Structure formats: structure tokens, C-alpha cells
Amino acid sequence: MTNSQLTPGVAAGRLDAAHLAANFADVAPPLGAHEARVAADRCYFCFDAPCVTACPTSIDIPLFIRQIATDTPEAAARTIFAQNILGGTCARVCPTENLCEGACVREAAEGKPVEIGALQRFATDRLIAAGGHPFTRAAPTGRKVAVVGAGPAGLSCAHRLALLGHAVTLYDARPKAGGLNEYGLAAYKVPGGFAQAEVEWLLKIGGIAVVSGWALGREGSLDDLRAGHDAVFLGIGLGGVNALGLAGEQLDQVLPATDFIRELRQASDLAQLPVGRDVVVVGGGMTAIDAAVQSKLLGAENVTIVYRRSQAEMPASRHEQDHATASGVKIIPNAAPVAIFGAGAVREVEFAYTRPGPKGLEITSQTFRLKADQLFTAIGQRLAGTPAPLALDGNKIAVTGAGRTSLPNVWAGGDCAAGGDDLTVTAVAEGRDAAMDIHASLKGA
């Protein structure tokens, strides 16, 4: 190893292979069979359980936990997959502390909820590893549906439509299906190629043709899809990123955090992935947390997240914030970037402290500077290349009901559609519900 955490600038190989392997190992190792039964025994199996209400996909959580407790994990997995076909990934990345586990009566009574996420992973991993598929496709209906975007919403929609007997063509601009699950999640949360294994397992339902390297507006138009299919579902995500709007943003090593995470997720050798000695991340959501933590895990000496509002207002959960600080990341709240300095590449970022005012957030005259070999921006994403003439709601596709857009026979869901909360599990629910609405529409046509 020629470099270290103290090597100036942006460099690869700051840590040796053994340290990298340990750093990027599964952050939450799976439960064993005995551990799962013990964890399941803590469930009260509540009637009208609040955890079910808190789950965007409405999984019958008491039922699947009871099935684990009675040593039938495969049945538990079928219960989960009936509502959330991407239950394996969601078990790993859902902010359960804000959703099902946050609503658990054990959490309210004892401050320690039932380990719903870990139990969900125990069951779903068992069934996926077995290699079969729990559902059988219905007889072909003769109807064709185009699904654009092979992320969580598109995959969920495609699977449900195929299950109901429709012929689905799944279009995606990237070489691999999976969307956010493949390209946008922290590597230590979904290690070992699980995202692709889950996609391959999902496709075993049959009736889904995948077309990779196909982008809407490049290889074909929405009109083309509407002409060749009975219905279209758009799960195109948010391909654009918001800019800081500061001079110096064009300097080298000023990058969207999403680009860094994508490159890391696809890297075959993390020792070859360069990272700065001093890394600064602007933003307060999960993307900011993932970029910052992974920078530290790659060997950056100093990693700092700067967020314009208070730490309590950060979109990332407190659990994720605590994980970041435990990993050595520093969080500075109530500060906004005002200038970027460097000659060719970024070297420093100036911030001004902020405060709430009568007209919103105010920038004060108090400033400070941070050294930065890399500056990652994570201040939100936006819709890129909206297919005209779809109506918009803000900067997303306007939808009513279960994802119906302003165009007949065109639905949308996931991050690209208005009204959601940009969570994987919500995208899965929206894709599933749109599929059911498409099915009802096609049956009535």
C-alpha cells in the first residue's frame, strides 16, 4: 500500500484490502435461526397492530413474525412478498426506526422494539436463497404494458403486472436493472451482489422482458410506448441533481454525492477508488450520510457533513446520524456554503452560519472555512427530461389515485411522482398499487 489516510489530495489505496473488506462488510449481519425465534417471541402479535399501519406496503407484520416463531420462515416470506416483492432490500435499508419499529408497542413501553427489519430479512433471505419463486403467473391476458425504469417502483409494478398475466417490457437506461437498489445505496447496507440477485429472483415470475440501455427520449418517446402498448408506467426516478449555484462549482472534485455512491457501488476493487484526505458533504439526507460514511470507510482522514438547518431537522434519521458520527464523521448544522475556492480543483469551502428568521432561513455574517479535497453535494434531486405533455406538480409528475397521470393509460410512481416520501418501500408500494389500477383499467377496457 503506497498511500495512507495522511496522503494529501485525492488518492486511492488509503487502506489495505483487509481493512476495506472489514469496513464494507454487512453493517447488520443476519439473524441465525435461534436468534430469529428469540426475537420473534418478543412480539405481542397485536390486533390492529400499529406497525402494520406504519409500513407503507402494509405487510401483515404480526402474521409473518408468528410464522417465524412457529418455525415456518418460508411462509413468513410469502406473507412479506405478497405485499412487498422487494422485501429483501427493504429489510436492509428501510428506516424502520421511523416506520414499523418506531410504532412498535415494545418501543413505546421499553424503548426497545421488536426487531422487525432483521426478522423480515431472516425470512426473505431464506426463501430467495432457496432459489424458487413463491408465486405463479396467471394465464396470459394478451395485454402489453411498458414499464420505464427498473428501480423499486418499476420492478414492483412489473412483477405485479406479470403475476396478473400481462406481458411486461421493462425498459431501463442503465446496464443493470435495480435502479436505486443497484446504484444508489451504501455498499455496506446491501453488500455481496444482493441487489442483482434479488432482481434475478424477481424475474422468475416470467412474463417480463428487460431492455437495458434504453432511455426515454433517447431510444424512444412516450408516444412510441403508448402506441405499442396498452398501458405505460413511468418509474424513471429523479435523474437530475440540484446545484449549489456558487462560483467554483465547476472545479474538479466538486461532485454530486450520487455520482460518488454510484461509482463506489460498481467498483470491482475499492482499493482503486480514490477519495480525498479531507472530504466535505453538503446536505442532510440519506445520500449525504451514505457519501460521508463511505468516504470515511475508504480511508479519508477528515469527513464533515454540513447542513443548513438544525441537526434535529436533518431528513436522515437519528439512527443514521448516530451511525455517521460513530464512524468518525463530523456533523455541523446551521451552516450553508457561500464560496468554493481552489485552483483547478477544490481546496476550501467557506460556510456562513444560518438562523431561522421571520422570512425563513437567514444567512449570517459569521463564516468559517473547511479544507476540502473533495466536495460532495447532496441537496436534492430533480426530474430530468420530463416527457411532454405530462402535467407536473412542482418538479415531479402530477398523479391522482394510484399513480394516474394527466395522460390516458399512463401511470407513474416512485421518486418521479408527486406525493411520495422518496423511500424505497414507498416506491414499491406505489408501483404495486399502480399495477393493480392498470390491471383494473385493462380488464374494464
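What follows is a chat about ring pairs and charges over rings in this predicted model.

Student: How many aromatic pairs does a search of the whole structure find?

Tutor: The search turns up 5 aromatic pairs.

Student: Why is the pair of tyrosine 171 and tryptophan 214 called tilted?

Tutor: Start with the distance: the ring centres are 4.5 Å apart, and rings pair if their centres lie within 6.5 Å. Then the planes: under 30 degrees would be stacked and over 60 edge-to-face. These planes are at 45°, so the pair is tilted.

Student: What makes this pair a link between distant parts of the chain?

Tutor: Tyrosine 171 is in strand S3, while tryptophan 214 is in the loop between strand S4 and helix H13, 43 residues apart. Both tyrosine 171 and tryptophan 214 are buried, too.

Student: And why do phenylalanine 260 and phenylalanine 376 count as stacked?

Tutor: Their planes are 20° apart, and planes under 30 degrees apart count as stacked. Centre to centre, phenylalanine 260 and phenylalanine 376 are 4.5 Å apart. Phenylalanine 260 lies in helix H14 and phenylalanine 376 in strand S15, so the pair ties together parts 116 residues apart in sequence.

Student: Are phenylalanine 260 and phenylalanine 376 buried or exposed?

Tutor: Both phenylalanine 260 and phenylalanine 376 are buried.

Student: How do you know that the charged end of arginine 66 sits over the ring of phenylalanine 45?

Tutor: Arginine 66 has its charged end 4.1 Å from the centre of that ring, and the cut-off is 6 Å, along with an angle within 35 degrees of the ring normal. Arginine 174 does likewise over tyrosine 183, at 4.5 Å from the ring centre.

Notes:
Residues numbered from 1 in each chain as written. Predicted model: local features only at pLDDT ≥ 70, side-chain atom pairs only at ≥ 80, totals over all residues. Heavy atoms only, no water. Phe/Tyr/Trp six-rings, centres within 6.5 Å; stacked < 30°, edge-to-face > 60°. Helix = DSSP H or I, 4+ residues; strand = E, 2+ residues; numbered from the N terminus. Buried < 20%, exposed > 50% of the residue type's maximum accessible area, 1.4 Å probe, protein only.
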